[in-house]
Amino acid sequence: ANAVKPEQASAAPKEDAVEISSRDRIIFPDIGQTKGQLADYYTAIAPLMLPFAAQRPVSLVRCPQGRAKKCFFQKHDSGSFGPHVHHVPIREKDGGTEDYLYIEDTAGLLACVQMGTIEFHGWAARSDDVEAPDRMIFDLDPDEGLNFDAVKKAARDIRDRLADLGLVSFAMLSGGKGVHVIVPLEPDHSWDAHKDFARRFAEALSMAEPDRFTATMSKAKRKGKIFIDWLRNQRGSTAVAPYSARARPGAPVAVPVAWNELRDTDNAHPFSIDDADKLLKRARSKALHGWGMAAQRLPDV
Ligand code: ATP
Ligand code: MN
Ligand code: MN
């Protein structure tokens with residue numbers, strides 16, 4: 001008598017295959033956002049996020065007890081992610097091989113959220129060819145106290161210098177303090193070529209304007225400057241994925257922006273996991289059409 005009608009049995013979308021437990025657990029204590037709300041954010045944003053986050057090795061920032069408690073960066077499977085989180089073997093420096101993680105769909109995002117993941121960080125290479133990077137990232141890290149106008153100007157200057165080299169680039173608000181300038185590339189060059197190009201580009205900028213830029217990680221040498229973090233372009237490095245939530249106060253998210261939108265943006269974290277509808281709507285705007293996409297190669301320099 002209680003037989004499930006066929007339409008009921010198939011009503012649930014496939015993503016529901018991942019059950020989120022403890023939906024009411026508070027993950028962002030400062031604003032009271034829960035694990036369930038985080039899962040809902042990722043479910044909604046998946047169509048925008050997956051083109052950038054799927055099919056790449058990912059590292060996760062997991063905070064099982066919420067962002068105010070202990071968080072950890074996870075690169076390898078601890079055995080409990082289930083069938084929606086996939087493995088890709090990657091050669092390590094020591095000659096051995098380690099399984100890294102990748103996802104390919106909403107269920108993959110949710111399986112990670114179920115395990116306490118807040119942030120998704122991706123390699124600049126696809127999991128089907130991890131030796132062929134397909135984007136370059138300049139992660140602009142301002143010294144504490146530097147205002148966001150300086151960051152915006154730095155991002156635009158980097159865009160212009162890249163354009164001088166024939167390269168189109170895109171801006172992403174990190175959801176933290178800085179902006180990432182992202183250069184999509186055909187996967188035609190080695191990691192060494194990417195790292196070398198990125199290092200020389202950052203060093204040239206800091207040599208030309210040493211008062212504004214530094215290309216060395218040292219915090220002491222960053223006083224009043226912006227560190228152009230080119231080290232994101234080494235094999236094994238990751239950067240936060242577009243539309244990833246951040247384990248920071250206010251549950252901010254990393255957000256792609258058009259260059260002319262950046263001009264009117266006051267900080268690197270104007271959107272939060274509460275804004276999925278807004279983000280979906282603005283992603284349909286002309287300004288964001290084609291964000292992060294360009295068929296181009298590193299110049300031979
Ligand atoms: P912000 O704008 O506040 O700098 P961000 O995401 O750029 O935000 P960074 O500290 O500059 O943060 O880090 C850059 C990248 O380095 C991160 O996106 C992440 O992929 C990587 N990263 C950060 N912490 C670790 C870690 N503990 N282990 C490995 N990689 C990390
Ligand atoms: Mn940064
Ligand atoms: Mn950095």
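The exercises below work through a predicted model of a protein chain with a ligand.

Residues are numbered from 1 along each chain as its sequence is written, and chains are lettered from A and ligands numbered from 1 in the order in which they are written. Local features need pLDDT of at least 70 and side-chain atom pairs count only at pLDDT 80 or more, while totals for chains, interfaces and linings use all residues.

**Exercise 1.** Compare the radius of gyration of the protein chain with the globule rule.

Solution. The radius is taken over C-alpha atoms, and the rule is 2.2 Å times the number of residues to the power 0.38.
- For 301 residues, a compact globule would have a radius near 19 Å.
- The protein chain has 20 Å, which agrees.
- Along its principal axes the C-alpha trace spans about 80 × 45 × 40 Å.

**Exercise 2.** Determine how strand S3 (residues 58-62) is enclosed and paired.

Solution. Strands (E, at least two residues) and helices (H or I, at least four) are DSSP runs, numbered from the N terminus. A residue is buried if 20 or more other C-beta atoms, placed from the backbone, lie within 10 Å of its own, exposed if 12 or fewer, and partly exposed in between.
- Five of the five residues of S3 are buried, so the strand is largely enclosed by the rest of the structure.
- Val-58, Leu-60 and Arg-62 point one way, and Ser-59 and Val-61 the other way.
- Two strands pair if DSSP finds at least two bridges between them. S3 pairs with strand S7 (residues 117-122) in the antiparallel sense over five bridges, with Val-58 opposite Gly-122.
- S3 also pairs with strand S4 (residues 72-74) in the antiparallel sense, over three bridges; here Leu-60 stands opposite Gln-74.

**Exercise 3.** Find what covers the buried residues of helix H3.

Solution. Contact means C-beta atoms, placed from the backbone, within 7 Å.
- Nine of the nine residues of H3 (residues 106-114) are buried, so the helix is largely enclosed by the rest of the structure.
- The cover includes helix H2 (35-53), S3, strand S5 (85-91), strand S6 (97-103) and S7.
- Gly-116, with a positive phi near 90°, follows H3.

**Exercise 4.** Describe the shell around ligand 1.

Solution. A residue is near the ligand if its C-beta atom, placed from the backbone, lies within 6 Å of it.
- Of the 13 residues around ligand 1, His-121, Ser-174, Gly-176, Lys-177 and Gly-178 come nearest.
- Strand S8 (135-142) and strand S13 (239-240) are the elements that give two or more residues to this shell.

How values were computed
Two residues are in contact if their C-beta atoms, placed from the backbone, lie within 7 Å.
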